[in-house]
Number of protein chains: 2
Amino acid sequence: MILVDGRPGTAVSARDRGLNYGDGLFETMRLHQGRVWLLQRHLARLRHGCGRLALPYPGDSAIEQDLAQLLASGQEEGIVRIVLTRGDAGRGYAPPPGAAGRRIVALHPLPPPGPAAMTVGICKTPLGFSTALGGLKHLGRLEQVLAAAEVAAAGWDEGLMLNDAGLVVEATRHNLFFMRDGQLLTPPVAGCGVAGVMRALILETLAQHNMPGGEAPLRYDELHEIDDMFLCNAVAGVQTIKQVEGHDFDHSHAVAALRGPLLAAGVAWLA
Amino acid sequence: MILVDGRPGTAVSARDRGLNYGDGLFETMRLHQGRVWLLQRHLARLRHGCGRLALPYPGDSAIEQDLAQLLASGQEEGIVRIVLTRGDAGRGYAPPPGAAGRRIVALHPLPPPGPAAMTVGICKTPLGFSTALGGLKHLGRLEQVLAAAEVAAAGWDEGLMLNDAGLVVEATRHNLFFMRDGQLLTPPVAGCGVAGVMRALILETLAQHNMPGGEAPLRYDELHEIDDMFLCNAVAGVQTIKQVEGHDFDHSHAVAALRGPLLAAGVAWLA
């Protein structure tokens, strides 16, 4: 089911600036036991992104009303996607003054469960760099589309993406954490990659529990030197890795250590 | 008037991948005296872009039939925009196997004529870098949207965009050429910027007429040392600049020298 500006619908205007210019943002959230988890964090990221792009934010209550309408079906498990665009406009990049914006809120079924531990490859599609857009979950995801096509063609479960400097930044649809010298680290996402909600929650959880970790770059040629790696996003929570490019990760120490703190932080679907 | 997959319409599916992931390309073309100019060059760029993105190309004849349908109204002057997307799909970046694709072809009125010579500023929004997408006219144009908002707020006619290395690459909706040491030069667009149809035509025209020129980087701190600059795109043809950031360009020698060769090459609306 899809709601367009609060009303059930399957179509949007062909003049929408999200379609024509990628002029918008999105969030992907987990529905579990009839509840949208980490909702306030997702809304906070949307508000922040709208601020950076001068995009109209419809307000928490409009989105919460949409969610209530979608969940009235009684569906208990699934994925909710929110798209905010600048709305309709004629031709031309300049945002029209007083653009009303548009919101599209959709409820999707939960995909079939993936493997307990993922086989991960290295994508050839490099991640670009954008000082203006880095970290934002904006609608222009063509690099991820090309990388996901590589993942599908190779038969991997996921693929890591490197930037032009040869640094491992993220996977096509996950952020990543790696263990090195007893520290649980994640690559920085300023200018490159998405500042994921689950990534932020894990960083906060590490700090709250005095577990050593934080942000640190990871060079491609260091991949075989790290002790563990896992993936994360707001749908999967954390995702164990079996193998990266033939290198085995069969420890899962990092994920085991995080499980209790993350459950306590509200990532209930890990249980 | 808008045609969606060949039929008059004003809406597209909310599941369109162009909307949800920026998974598509577009072209903007000039209608003049009832004819779409440089059409074969635009179609060639679309075919090339579809090849790079493994996006389904609908074929020249489908697009040409759309154009015939739009022009049956008798409109003689205007702008035609073609958007090609990968079509509908469920959630997830991976392109669905056998995606049919979608084409949206729209006829817009010609905007009111701009100034004979433009006042141009320098945008603060930097141009990102993408090895995978550089040069392509893909749907993710958020950096241009942000820069165009700067242009509007400052009251300029256009704005130059710099990359993170401090190189002037293009304007928000134009490519640019500059004159230095008797050569007519344009910044390279590999990894950054759009490889414009008019830019390519001008480069070919220079070569055919043995006029000295080609591609060369332009540093921001060299802007006051160049002798002339003009803008170009497939709608305006070439566009004279009056001033860049307070620096006067009142020569227009370069545009004058190009006028005859470009008219001969089919840029008839320059006349």
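The model is predicted, so local features need pLDDT of at least 70, side-chain atom pairs count only at pLDDT 80 or more, and totals for chains, interfaces and linings use all residues. Residues are numbered from 1 along each chain as its sequence is written, chains are lettered from A in the order in which they are written, and side-chain values use heavy atoms, leaving out hydrogens and water. Chain B can be superposed on chain A by a rotation of 180 degrees with 0.0 Å of shift along its axis.

**How the two chains are related**

- Which residue of chain B comes closest to the rotation axis? That is B:L19, whose C-alpha lies at 1.9 Å.
- Both copies use the same surface, since 100% of the contact residues of chain B recur in chain A.

**Where the chains meet**

- Chain B gives 55 residues to the contact and chain A gives 55 residues (contact means heavy atoms within 4.5 Å).
- About 4200 Å² is buried between chain B and chain A, with 69% of it on carbon and sulfur atoms (buried area is the accessible area, with a 1.4 Å probe, that two parts lose on being put together, summed over both).
- In chain B, the residues that lose the most area to chain A are B:L19, B:R91 and B:Y93, together 19% of what that side buries.

**A pair of packed helices in each chain**

- Two packed helices are described by the angle between their axes and the distance between the axes.
- In chain B, the axes of helix α5 (residues 197-208) and helix α6 (residues 253-264) come within 10 Å and cross at roughly 100 degrees (helices are DSSP runs of H or I with at least four residues, strands are runs of E with at least two, and both are numbered from the N terminus).
- Helices α5(B) and α6(B) are therefore roughly perpendicular (65 to 115 degrees).
- B:L201, B:I202, B:T205 and B:L206 of α5(B) meet B:L258, B:P261 and B:L262 of α6(B).
- In chain A, helix α5 (residues 197-208) and helix α6 (residues 253-264) pack at an angle of about 100 degrees, with their axes 10 Å apart.
- The chain A contact is made by A:L201, A:I202, A:T205 and A:L206 of α5(A) with A:L258, A:P261 and A:L262 of α6(A).

**Single residues to look up**

- B:D66 is in helix α3 (residues 60-71) of chain B, and at 2% relative accessibility B:D66 counts as buried (buried means under 20% relative accessible area, exposed over 50%, and partly exposed in between, with a 1.4 Å probe and protein chains only).
- Leaving aside residues up to four places away in sequence, B:D66 touches B:L3, B:G6, B:R103 and B:V105.
- A:Q33 is not a glycine, yet has a positive phi of about 55 degrees; A:Q33 sits in the loop between β4 (24-32) and β5 (35-36) of chain A.
- Is A:Q33 buried or exposed? At 54% relative accessibility, A:Q33 counts as exposed.
- A:E245 also has a positive phi, of about 50 degrees, although A:E245 is not a glycine, and at 47% relative accessibility A:E245 counts as partly exposed.

Note on methods:
Axes are lines fitted to C-alpha atoms, for helices over the stretch in contact, and angles run from 0 to 180 degrees between N-to-C directions. Angles under 35 degrees count as roughly parallel, over 145 as roughly antiparallel, 65 to 115 as roughly perpendicular and the rest as oblique. Copies are superposed by least squares on the C-alpha atoms of residues with pLDDT of at least 70 in both.
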